[in-house]
Amino acid sequence: MRSKKNQRGITLMGFMMVLSVLGFFIFLGLRLFPAYSEFNSVKSDMEGLKAQPNAASLSPARVLDFLYRRFDISYVSTVKPEHIFFDKKNGYNVTIRYEYRKPLMGNLDYVAKFEHTVNLAK
């Protein structure tokens, strides 16, 4: 008979528990990745707008046109015109504020709120 002092390692039940927790977090990561990937595309497109020559002199309609052309290329589908705000307080700011809502599993959904602002200074 072996003593407990010499036994080492993880049991099959312990291994299955660790594996299931790891699998759950991988599942969550795969479900949340598209939301954050799309937000990174939105930020990149807004920075492209900021780098546009004479961006501060563009009308809001031209800014929307520019952004939606970039969004088509970047496969951004969540941002709608009602999510884009223009502000002339401290220069010319363009803010995109939106929610990304998708099903997680069963009747559970997740909601991610995103917001990014760029200043189109002259």
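Is Arg 69 buried or exposed, and what is its relative accessible area? In this predicted model, Arg 69 is exposed, with a relative accessible area of 56%.

Because Arg 62 and Asp 65 are 3 residues apart in helix H2, about one helical turn separates them. Arg 62 has a relative accessibility of 49% and therefore counts as partly exposed. Asp 65, with a relative accessible area of 29%, is partly exposed as well.

A further salt bridge involves the strands. Lys 113 pairs with Glu 99, and the closest N and O atoms of this salt bridge are 3.9 Å apart. This pair links distant parts of the chain, since Lys 113 lies in strand E3 (residues 108-119) and Glu 99 in strand E2, 14 residues apart. Lys 113 counts as exposed at 66% relative accessibility, whereas Glu 99 counts as partly exposed at 37%. In general terms, side chains of opposite charge can pair when their charged atoms come close.

Glu 99, placed in strand E2, is 16 residues from Glu 115 along the chain, and the C-alpha atoms of Glu 99 and Glu 115 are separated by 8.8 Å. Lys 102 is likewise found in strand E2, which spans residues 93-105. The relative accessible area of Lys 102 is 39%, so the residue is partly exposed. Between Lys 102 and Leu 32 there are 70 residues of separation in sequence, with a C-alpha to C-alpha distance of 9.1 Å.

The helix arrangement was examined next. Two packed helices are described by the angle between their axes and the distance between the axes. Helix H1 covers residues 12-51. H1 packs with helix H2 (residues 60-74) at an angle of about 140 degrees, and the axes are 10 Å apart. Angles over 145 degrees would count as roughly antiparallel and those of 65 to 115 as roughly perpendicular; H1 and H2 are therefore oblique to each other. The crossing of the two helices, H1 and H2, is right-handed.

A nonpolar patch on the surface is formed by Ile 10, Leu 12, Phe 15, Met 16, Val 18, Leu 19, Leu 22, Ile 26 and Leu 30. Together these residues have about 920 Å² of accessible area. One of the patch members, Leu 19, lies in helix H1. Leu 19 has a relative accessibility of 43% and so counts as partly exposed.

Most residues other than glycine have a negative phi, and most peptide bonds are trans. Asn 54 is not a glycine, yet has a positive phi of about 55 degrees. Asn 54 is found in the loop between H1 and H2. Its relative accessible area is 63%, which means that Asn 54 is exposed. Tyr 75, also a residue other than glycine, has a positive phi near 60 degrees. Tyr 75 is placed in the loop between H2 and strand E1 (84-87). With a relative accessibility of 74%, Tyr 75 counts as exposed.

Technical notes:
Residues are numbered from 1 along each chain as its sequence is written. This is a predicted model: local features need pLDDT of at least 70, side-chain atom pairs count only at pLDDT 80 or more; totals for chains, interfaces and linings use all residues. Side-chain values use heavy atoms; hydrogens and water are left out. Patches are made of residues with over 30% relative accessible area and no salt bridge: like charges are joined within 9 Å, nonpolar side chains (Val, Leu, Ile, Met, Phe, Trp, Tyr) within 5 Å. Accessible areas come from the Shrake-Rupley method with a 1.4 Å probe; for residues, only the protein chains shown count as cover. A salt bridge is a side-chain nitrogen of Lys or Arg within 4 Å of a carboxyl oxygen of Asp or Glu. Helices (H or I, at least four residues) and strands (E, at least two) are DSSP runs, numbered from the N terminus. Buried means under 20% relative accessible area, exposed over 50%, partly exposed in between (1.4 Å probe, protein chains only). Axes are lines fitted to C-alpha atoms, for helices over the stretch in contact, and angles run from 0 to 180 degrees between N-to-C directions. Angles under 35 degrees count as roughly parallel, over 145 as roughly antiparallel, 65 to 115 as roughly perpendicular and the rest as oblique. A crossing is left-handed if the near helix is turned anticlockwise from the far one by less than a right angle, and right-handed if clockwise.
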